[in-house]
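Subject: Structure for you, with notes on packing

Hello,

Here is the structure I promised. My notes on helix packing and the nonpolar cores follow below it.

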Amino acid sequence: MTERVFVLSSKPDFSTKIKTLLPSFLYSPVSVFPTLLQCKNSLRTQNCDLLIIHDALSEGPAWKIAREIHATFHTEMLVLVSSKTYDQVIYQLQNTGIFVLAFPIKAQDILQALEILRTKSEEIEAYQAEISKLKKKIYDDRLINRAKMVLIESYHWSEDKAHHYIEQVSMQNSLTKVDVAVSYTHLRAHETSQDL
């Protein structure tokens, strides 16, 4: 899978170099924006996996622009700055996760930094997927436990008997235990409201 890359730079020669440097089998498409406004407008409407910001921007210091974009869009970023401003930029962007490199720089170093960012992004996605899976499991377990409590209170069953009942109904009707728990809990709630 390729990464969509945005390049924010007011220097056409830099944009051309970056586009030719990035292997298309990893980074495609590569969109170049000469102004911050154009870049922000595209970030609002398009998914961007990686943003490269070049130091020479008329809108202000690269670190300030990077902070602003990072706070709003949470995209992986590489900021390329002059060696004179490198220390200040590193200080301003500490603890943000934004990668900073100083010119002059070898093409190989840029590619290595991009690979690190790409790997980090994939790891974060994997962690987020795992967190979502665990949240769903916790939610499902709560639904099943709620249904078991309804069965225990209604029929004075043990927890094991209530659990076995939910499993049995789910197998007989080709449903998940969660589906059985939800339908039974809703049915019981409906019966209770009619009793009132």
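In this predicted model, helix 2 (residues 36-45) packs against helix 3 (residues 62-73) at an angle of about 15 degrees. Their axes lie 12 Å apart. Angles under 35 degrees count as roughly parallel, so helix 2 is roughly parallel to helix 3. The crossing of the two helices is right-handed.

Which residues make the contact? Helix 2 brings Leu-36, Lys-40, Leu-43 and Arg-44. Helix 3 brings Ile-65, Glu-68, Ile-69 and Phe-73. By class, the residues of this contact are five nonpolar, three charged and no polar.

Now the cores. Nonpolar side chains tend to be buried together in soluble globular proteins. The largest nonpolar core here has 22 residues. Leu-8, Leu-51, Ile-53, Ile-69, Val-79 and Leu-93 have the most contacts inside it. At least two residues of this core come from each of strand 1 (3-8), helix 2, strand 3 (50-54), helix 3 and strand 4 (76-82). Helix 3 gives the largest share, five residues.

Leu-51 is worth a look on screen. Leaving aside neighbours within four places in sequence, Leu-51 is in contact with Phe-6, Val-7 and Leu-8, with Cys-39 and Ile-69, and with Thr-75, Glu-76, Met-77 and Leu-78.

There is also a second, separate core of 17 residues. Among its members are Ile-18, Leu-80, Ala-113 and Leu-117.

Best wishes

Definitions and conventions
Residues numbered from 1 in each chain as written. Predicted model: local features only at pLDDT ≥ 70, side-chain atom pairs only at ≥ 80, totals over all residues. Heavy atoms only, no water. Axes fitted to C-alpha atoms, helices over the stretch in contact; angles between N-to-C directions. Helix = DSSP H or I, 4+ residues; strand = E, 2+ residues; numbered from the N terminus. Parallel < 35°, antiparallel > 145°, perpendicular 65-115°, else oblique. Left-handed = near helix turned anticlockwise from the far one by under 90°. Contact = heavy atoms within 4.5 Å. Nonpolar A, V, L, I, M, F, W, Y, C, P; charged D, E, K, R; others polar. Core = buried A, V, L, I, M, F, W, Y, C linked by side-chain atoms within 4.5 Å. Buried < 20%, exposed > 50% of the residue type's maximum accessible area, 1.4 Å probe, protein only.
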